[in-house]
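Please read the numbered points with the sequence and the model at hand.

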Amino acid sequence: MKGGGGAAAAVFAAIMVPLLVLVMMLGSGGKEGALAACGSSENVTVSVPGGNVAGYAGEQLANAAAVAKAGQQLNVPADGLLVGVMTAMGESSLKNLNYGDDIHGVTNPDGSLTCSLGLFQQQWCLPGNPWGTKADVTDPTTSAATFFKALMKLPGWESMSPDVAAHRVQGNYSPAGYTKFIPAAREVLEAVTAGKIKAGTGGCTTGGFAVGSSGSGDDYPWKGAEHNANNPVTRLAYRNCTDFAWWRLTQQLGLQPVSSSKLGPGNANTWGNAWSRAGWTISKTPKVGAIVWYDTGQYGHVAVVKEITADGKVIEEGYNFGIPPNGAYYTMTINPGTPAGYLYLPTREQFEKAAM
């Protein structure tokens with residue numbers, strides 16, 4: 001299946017060897033109404049804190065402050081600033097590097113060496129200079145502004161998790177290399193704004209819910225992605241029943257989205273076997289948050305128990321139900337005995353042991 005596209009930026013070795021895409025996301029996009037709900041960063045003073053914050057200090061914190069200020073000047077919402085700081089952490093460890101992936105022999109599709117530099121490891125030598133000149137990409141403020149302009153033009157970025165949004169802008173191999181930096185980026189952004197910005201705690205890039213909750217309605221973070229395209233984060237398919245159910249599972253466990261490959265649930269009709277192999281509970285009794293498992297048909301189907309009504313009916317939520325499957329969100333009331341079973345959520349420790 002096809003993966004998602006994005007803008008070209010050679011990725012620092014900490015992220016992974018990139019799949020370089022040589023077109024920036026600078027077309028039309030941006031949803032002003034949605035952005036307004038993401039948390040304003042206007043009128044917030046940005047300064048460089050002293051000491052150590054989440055393992056970053058000195059020049060690194062000064063660069064984080066420069067990134068935040070550049071975003072403010074473009075009216076980037078608070079959660080957008082989080083994406084910027086997180087990206088610079090993953091690309092350069094918040095250091096304005098004078099080298100890039102070319103030192104590891106990384107090449108562009110035409111065989112030329114990459115020329116990535118600076119906080120965001122942007123390539124200055126691409127035809128047409130989409131990321132700017134060498135001076136631009138090595139200037140923290142200018143390079144951050146260029147990154148934010150691309151982010152704001154990325155359709156649906158505000159409903160993506162921070163790592164996915166960064167991946168789509170940078171055009172690299174996978175968003176997974178950014179994921180571990182999200183907590184630190186949140187902490188550093190809060191520090192450079194003296195606690196005034198607490199991004200990603202209920203704003204746009206977390207889908208409007210706190211991680212660890214059971215979510216609320218259609219808060220799937222990739223609902224703007226191409227239906228059936230491969231999701232490089234989960235290793236399932238965008239806007240499919242399996243991808244939604246797997247994401248909701250990790251969400252309820254308080255985890256960022258992770259790959260399903262180790263557990264290997266595969267098509268929906270195989271999920272019961274995956275649960276059995278892992279030693280997790282399968283029951284005929286519905287439970288809010290449990291996976292609704294159907295084992296019939298060529299692929300089967302999975303959903304999530306959203307609610308149990310007073311008369312014992314089950315309200316399930318999911319994606320990609322119906323004929324033909326359309327990759328859309330739905331809710332449906334069913335009799336509790338209709339599915340093959342209910343796959344109870346493991347504990348976080350059980351999940352990490354079996355699936356991570």
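1. At what angle do helix α2 and helix α8 pack, and how far apart are their axes? The model is a predicted one. In it, helix α2, residues 59-73, packs against helix α8, residues 182-192, at an angle of about 80°, and the axes are 10 Å apart. Since angles of 65 to 115 degrees count as roughly perpendicular, the two helices α2 and α8 are therefore roughly perpendicular to each other.

2. The residues that form this contact can be named on both sides. Helix α2 contributes L61, A64, A65 and A68, while helix α8 contributes V188, L189 and V192. By class, the contact of α2 with α8 has 7 nonpolar residues, with no polar and no charged ones.

3. The model has 1 disulfide by the distance rule applied. This bond links C115 and C125, with an S to S distance of 2.1 Å. The link of C115 and C125 is left-handed, with -100° about the S-S bond.

4. Where do the two cysteines C115 and C125 lie? C115 is in the loop between α3 (78-92) and β3 (116-117), and C125 is in the loop between β4 (122-123) and α4 (134-137), so the pair ties together parts that are 10 residues apart in sequence.

5. Accessibility can be stated for each of these cysteines. C115 has a relative accessible area of 8% and is buried, whereas C125, at 37%, is partly exposed. A further cysteine, C241, counts as buried at 9% relative accessibility, because buried means under 20% relative accessible area.

Conventions:
Residues are numbered from 1 along each chain as its sequence is written. This is a predicted model: local features need pLDDT of at least 70, side-chain atom pairs count only at pLDDT 80 or more; totals for chains, interfaces and linings use all residues. Side-chain values use heavy atoms; hydrogens and water are left out. Axes are lines fitted to C-alpha atoms, for helices over the stretch in contact, and angles run from 0 to 180 degrees between N-to-C directions. Helices (H or I, at least four residues) and strands (E, at least two) are DSSP runs, numbered from the N terminus. Angles under 35 degrees count as roughly parallel, over 145 as roughly antiparallel, 65 to 115 as roughly perpendicular and the rest as oblique. Contact means heavy atoms within 4.5 Å. Ala, Val, Leu, Ile, Met, Phe, Trp, Tyr, Cys and Pro count as nonpolar, Asp, Glu, Lys and Arg as charged, and the others, Gly among them, as polar. A disulfide is a pair of cysteine sulfur atoms within 2.5 Å. Buried means under 20% relative accessible area, exposed over 50%, partly exposed in between (1.4 Å probe, protein chains only).
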